[in-house]
Amino acid sequence: MRTHIRTLLEGTALVLLGVLLFRFPEASAAAAREGVTLCLDLIVPSLFPFFVLSSLLIATGLAGACARPLEKLMGPLFGVGGAGAAALGLGLIGGYPVGARTIAQLTERGECTPAEARRLAQFCNNCGPAFFIGAAGVGVFGSKEAGFLLLGANLTAALLLGIGGRVCQGSLLPRQGRDVPPVSFSALADRLPQCVTDGFSATLGVCAYVILFSVLAAVAEASSLLPLATQLLAGLLPGEGGQELCRSFLMGFLELSTGTASLSDAPSPSLALPLAAFLLGWGGLSVHCQSLPFLRAAGVATGPYLRAKFLQGMLSAGLTALALLVFPLSLPAMAPALPLVCPIPFARQIVVLWALAGAGFFLARQKKLEKAGYSRYNGKVP
């Protein structure tokens, strides 16, 4: 019975989406263009280098070589093996969904067990410092200090979740230790081509979700579904500014970058900062759709992961509000809503490198098909 109800609801949602796309083609097309621009300005320069780096660390054996010495840190704190340090470090500095992809790679190579992957998924998939400081801090609140505050709150919340999992659920390592699988080292030159093409395909998948959710947010706005939901939610909140905060919450719950950018319209920074901390800790449904394929490959269930991310958002918001009470932060007038761009150097060069990696990816695939006996125009060669 539940399966029939779920199928009916999913079918209704798809039909509604199709109607909205036909009803508002201009809004959906404009949102798709904005999504492509966002990918080129922010997503590709921020994610592609870290996707390649995570693949190289694991494929060359460096992550495995660091597993045993780092187990003395990861075991007591988080109850997992030392190999999880790669997921923790890259997940904290690389941005969504680098942590999730690293967990999947470690599990695939046998350096993490499925139980460790489930534990790591609770705190190792996070927003990157570049987005905290450049896009949220400077871009939205006009203050680098606000970006560092948001970064510190989310970093603390993630680590608290990891330590809390160790305290509440216990260690996943036997008391007498365990046998770490032997490390097989590979030359960097041998692994680089495959890691670059893997990073390209992973970045392309992330960009597809960003464009899709940009369109979903636009048609929800054009069809008055988002304004209606905003009014209903704002009616539950007393005080001024509830309309803007509720709209940002709903947009950020769906797509992180759009919701964060809309906070520039919030009248009160003291309320907007904790809300931004929640959105950055939660990540948004778009980010979770990007992350879940990697996590499912590692054996991570959807429900516990989403609950952990929601709890991280709540902890981040609480820590931000507490920090503002103890150390009041004077913010300038809200920065004007500007397109989010990548706050790291060589952004355009990274986009070019990503495009070259894509060309190499498709050319290598074509050569592989031809070696297998396929012709470009005539299909299988007899």
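**Salt bridges and ring pairs**

R109 is partly exposed, at 34% relative accessibility. Keep that residue in mind. This is a predicted model, and I'll take charged pairs first, then rings.

Side chains of opposite charge can pair when their charged atoms come close. Searching the whole structure turns up 2 salt bridges.

R109 is in one of them. Its partner is E111, with N to O at 3.0 Å. E111 counts as buried, at 13% relative accessibility. The cut-off for buried is under 20%.

The other bridge joins E221 and R247. Their closest N and O atoms are 3.2 Å apart. E221 sits in helix α10, residues 188-222, and R247 sits in helix α12, so this bridge ties together parts 26 residues apart in sequence. How accessible are the two ends? E221 is partly exposed at 32%. R247 is partly exposed too, at 29%.

Now the rings. There are 6 aromatic pairs. Take F253 and W282. Their ring centres are 4.8 Å apart and their planes meet at 20°, so we call the pair stacked. Stacked needs planes under 30 degrees apart. F253 belongs to helix α12, residues 242-254. W282 belongs to helix α14, residues 269-282, so the pair links parts 29 residues apart in sequence.

F253 is partly exposed, at 27% relative accessibility.

Ring pairs connect F249, F253, F278, W282 and F310 into a cluster.

One last point, on helix α12.

Key: Residues are numbered from 1 along each chain as its sequence is written. This is a predicted model: local features need pLDDT of at least 70, side-chain atom pairs count only at pLDDT 80 or more; totals for chains, interfaces and linings use all residues. Side-chain values use heavy atoms; hydrogens and water are left out. Rings of Phe, Tyr and Trp (its six-membered ring) pair if their centres lie within 6.5 Å; planes under 30 degrees apart count as stacked, over 60 as edge-to-face and the rest as tilted. Helices (H or I, at least four residues) and strands (E, at least two) are DSSP runs, numbered from the N terminus. Buried means under 20% relative accessible area, exposed over 50%, partly exposed in between (1.4 Å probe, protein chains only). A salt bridge is a side-chain nitrogen of Lys or Arg within 4 Å of a carboxyl oxygen of Asp or Glu.
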